[in-house]
Amino acid sequence: MSKRAGTYRAPEGLDVAADLAAKYPSLGDLGGLYASHQGAVVHKWHHYLPIYERYMARFRGSRVRMLEIGVAQGGSLELWRRWLGPDAVIFGVDIREKCARFDGDHGQVRIGSQDDPDFLARVVDEMGGVDLVLDDGSHEMAHIEASLKALFPLLSNGGVYLIEDLHSAYWTRWGGGLQAKANFFNSLRDLVDDMHHWYHDGEVTRPMVATGLAGMHIHDSFVVLDKDMVYEPIHTFVGTGDSGRAVARKASKVQKGEER
Ligand SMILES: C[S@@+](CC[C@H](N)C(=O)[O-])C[C@H]1O[C@@H](n2cnc3c(N)ncnc32)[C@H](O)[C@@H]1O
C-alpha cells in the first residue's frame, strides 16, 4: 500500500459510529457527537477522537478559552461548541478570508496567518487568554514551529497545546521528510533535552517553550504539550523505619561525594 498523502481514506459508506464503537469502546460523548454530526463538514481521523477526549474532556462545561488554528468549513468549531458547552470561549483563525463567514456561528473567527506572532497575540488578547490551542492549520513545519513559539508562552498554566496531522512531518511538500532536519519530531527531541536541562550541560534551545513545558505526549500524527509551573526537581526520603534511615544516610553520603 502506498504510504503517501491521500491514502487511508475510509471505505465509502463506512458506518462511522460502528467503527468508533468497535475500535474505541470507552470513547465518551465526543464519538457520538462526531458520528451523528449533521452540520458543516468536519474532517477528523478516527484515532484522534480518543486523544481529544483524553486531553480536553476535563475542560467541558467550563469557561475554557480554546483557539483552533484552521477553520476550513467551520464544522470543527461547531463540534467543539457542542462538546465543550455554551460557556466555552471558542476562537478559530484561518488564512482564508472566506472563513470569516463563520464568525459568530459557533465561535469567533479571525483571519490571519498562523506564522504571524502579532496576529496570534492580538487574538489571544481578545480572548482574554488561552487554555487550549489546537493546531489544525497548514501542517507546514515552519508554521507549526512559528505558532508554537508564539502561543505556548501565552497558554495558561494547566493549559494544553495540541498539534494534529503530524504525518506531514514525513512529507517534503509540508517541509518535512523522514530524515529532514525540519521534521517536527526533531524539535520534540530538542524539547525533551530542554525539559531535562537540570541534568546536562547543554544549552536550553527553546526557552520560550521549555519554560512551563510540564509534559509531552506523542500519538500517531498527534502531539500534546502540557503547560504548567515547572519547579527545580528535588527528591526526599520519607518514612521512619531503620532501613529508610539507612537509605537516607547513604544518599546523603553519595550527595557529599563520600560514597558512590
Ligand atoms: C485541515 S483544515 C482545518 C480543518 C478544521 N479544523 C476541521 O477540523 O474541520 C486546515 C485549514 O488551515 C488553513 N490554513 C492554511 N494555512 C494557514 C495559515 N498559514 N494560517 C492559518 N490558517 C491556515 C486552511 O485555509 C484550512 O482552512
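Which residue takes a positive phi in the hairpin of strand 6 and strand 7? In this predicted model, the residue is Ser221, with phi near 65°. The hairpin has 2 residues between its strands.

Strand 6 spans residues 213-219 and pairs with strand 7 over 6 bridges. The sense is antiparallel. Within this pairing, Gly215 has Asp226 of strand 7 as its bridge partner. Strand 7, residues 222-227, is also joined to strand 5, residues 155-163. Here 4 bridges connect the two strands, again in antiparallel orientation. Tyr161 has its bridge partner, Leu225, in strand 7.

Tyr161 also belongs to the largest nonpolar core, which holds 53 residues. Together with Leu132, Val133 and Leu151, Tyr161 touches the most other members of that core. The contacts of Val133 illustrate the packing. With residues up to four places away in sequence left out, Val133 touches Leu67, Leu151, Leu155, Tyr161 and Leu162. Two of these partners, Leu151 and Tyr161, are themselves among the residues that touch the most other core members.

The ligand site was examined next. A shell of 21 residues surrounds the ligand. The closest are Gly70, Ala72, Ser76, Gln114 and Ser138. Strand 1 (65-69), helix 4 (75-84) and strand 2 (89-94) are the elements that each give two or more residues to the shell. By class, the shell divides into 9 polar, 6 nonpolar and 6 charged residues.

Definitions and conventions. Residues numbered from 1 in each chain as written. Predicted model: local features only at pLDDT ≥ 70, side-chain atom pairs only at ≥ 80, totals over all residues. Near = placed C-beta within 6 Å. Nonpolar A, V, L, I, M, F, W, Y, C, P; charged D, E, K, R; others polar. Pairing = 2+ DSSP bridges. Core = buried A, V, L, I, M, F, W, Y, C linked by C-beta atoms within 7 Å. Buried ≥ 20, exposed ≤ 12 C-beta atoms within 10 Å, placed from the backbone. Contact = placed C-beta atoms within 7 Å.
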